[in-house]
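I opened this model to look at how its parts are put together. My notes follow, in the order in which I looked things up.

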There are 2 protein chains.
Amino acid sequence: MRKLYHYWLCPFSRKTRVLLAEKKIAFEPIIIKPWEIPGSFYSLNPEGLPPVFIDDDGKNIANAYPICEYLEEVYFEPSFLGKMSAQRAETRRLVAWFDEKFYGEVTHNLVYEKVLRRKMGQGGPDSAIIRTGNANIHDHLEYVAWLSDRRNWLAGDDFSLADITAAAHFSCIDYLGDVPWDKHPAAKLWYARVKSRPSFREILADVVLGLAPSPHYRDLDF
Amino acid sequence: MRKLYHYWLCPFSRKTRVLLAEKKIAFEPIIIKPWEIPGSFYSLNPEGLPPVFIDDDGKNIANAYPICEYLEEVYFEPSFLGKMSAQRAETRRLVAWFDEKFYGEVTHNLVYEKVLRRKMGQGGPDSAIIRTGNANIHDHLEYVAWLSDRRNWLAGDDFSLADITAAAHFSCIDYLGDVPWDKHPAAKLWYARVKSRPSFREILADVVLGLAPSPHYRDLDF
């Protein structure tokens, strides 16, 4: 049985969960809490972080970037990068936008400060950092709206790893109730379409121990 | 003529320059200074950062991750990811190690604080952040030594994008004179082998305006 070591509010774990679901690849999910990494886990990923995917032949793939590229190479139909090289480059540009820029400007500021910092014994949340994360999210919602206005999905005609990656990040922030959807109706429409996909069901069913999701987190009509 | 928009001390630009050189793909280099991004550049990369690669058919690829994957797909011989899926996953794991972990713990702390912060009008360097960068680099040098002890190159038998990525980051820090090579002789041997490759010549010839490289930066026998 394939396995995925993941953590609920880790956007990199979430994107691999959704990509696996889109490709209809069944797996056993195993929770890895970033503040309680078992020593044995370092042999699966020397960085000591989820996600790690174990394929049914025992292949051990660590980190979301190698996992997603591996799934696209080995389980190539359907493809979520696209067929043509220009399309694949555009999809990957947006994947990097959310995994690097959005993560640094929003996800890390909010998820780390509000949830992980205390668990990891690094003290209480820093309200200035949380304010920065809350301020930064608007530009990204505008960018999603701008793209949605010009394209069917973020990277072009088809639902892609760009949508999966963006939604993985937004969904972590939405769990905390910190996405100002009402101020960005076009971005909200895009997210509603992602939410309604069967691949997103498990994400919406997540319950982080000791932290209830925001009231609208699960609603498809929010 | 192919073009690469890059900045000298940007590790992401450097890795694309070395990968292009390893694949013997000629290009016209164009300098983009992160503190003087021309407005027109945003149409090439909405994130407003180098690197951006323009292929000879006009295809516009932004961000190092899409560029490297594009070059591997379109100019696939020789491959610097490897042939088999497990090897490709291991190469990409180490690429992510240096582009995410090393960048966050070392490169950004040193290059941004020592060179870019003032240029970008963000005030003077923060000595606490520089100290953190200087402290963090030791673990990474030990990891390079550990890998070099067990493998011919970082990701396995062959020189790969993992070596290119790691060397791109180390070379930026080495330009500043901040790699404590003498304390990590096995890592130094690995870097000396990378430095001696023809693909690295242009990197070693770099002169950042107003900032001379460390005395040993160019020496193959340092």
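**Entry 1: the contact.** I began with the residues that touch across the two chains. The model is predicted, and in it 25 residues of chain A meet 25 residues of chain B. Next I looked up the buried area. The two chains bury about 2,200 Å² between them. Carbon and sulfur atoms account for 61% of that.

**Entry 2: charges across the interface.** How many salt bridges does the rule find between chain A and chain B? I got six. For the structure over all chains, the count is 40. I picked out two of the pairs that cross. In one, the side chain of A:Glu73 meets that of B:Arg88, at 2.9 Å from N to O. In the other, B:Glu73 and A:Arg92 form a salt bridge, also listed at 2.9 Å, N to O. This second pair runs from helix α2 (residues 64-74) of chain B to helix α3 of chain A. Side chains of opposite charge can pair when their charged atoms come close.

**Entry 3: polar contacts and the chain A side.** I counted eight residue pairs in polar contact between chain A and chain B, with both residues at pLDDT 80 or more. Which elements of chain A supply at least two residues each to the side that touches chain B? They are β4 (60-62), α2 (64-74) and α3 (85-119). α3(A) gives the most, with eleven residues. By residue type, this side of chain A divides into 13 nonpolar, three polar and nine charged.

**Entry 4: the sheet of chain A.** I turned to the fold of chain A. Four strands make an open sheet, ordered β2-β1-β3-β4, with mixed pairing. Why is one side of β2 (28-31) and of β4 left without a neighbour in the sheet? Both strands of chain A stand at the edges and have a single partner strand each. Neighbouring strands are turned by 15° against each other on average, direction ignored. I checked one pairing. β1 (residues 3-6) and β3 (residues 52-54) of chain A run antiparallel and are joined by three bridges. Within it, A:Tyr5 stands opposite A:Val52. Helix α1 (residues 11-22) of chain A packs on the sheet and touches β1 and β3 of chain A. Its direction makes about 155° with that of β1(A). α2(A) lies across β3 and β4 of chain A, at about 130° to β4(A).

**Entry 5: the sheet of chain B.** B:His6 stands opposite B:Ile31 in β2(B).

How values were computed. Residues numbered from 1 in each chain as written. Chains lettered and ligands numbered in written order. Predicted model: local features only at pLDDT ≥ 70, side-chain atom pairs only at ≥ 80, totals over all residues. Heavy atoms only, no water. Contact = heavy atoms within 4.5 Å. Buried area = accessible area lost by both parts, 1.4 Å probe. Salt bridge = Lys/Arg side-chain N within 4 Å of Asp/Glu carboxyl O. Polar contact = N/O pair within 3.5 Å; in protein donor to acceptor, adjacent residues only side chain to side chain. Nonpolar A, V, L, I, M, F, W, Y, C, P; charged D, E, K, R; others polar. Pairing = 2+ DSSP bridges. Axes fitted to C-alpha atoms, helices over the stretch in contact; angles between N-to-C directions.
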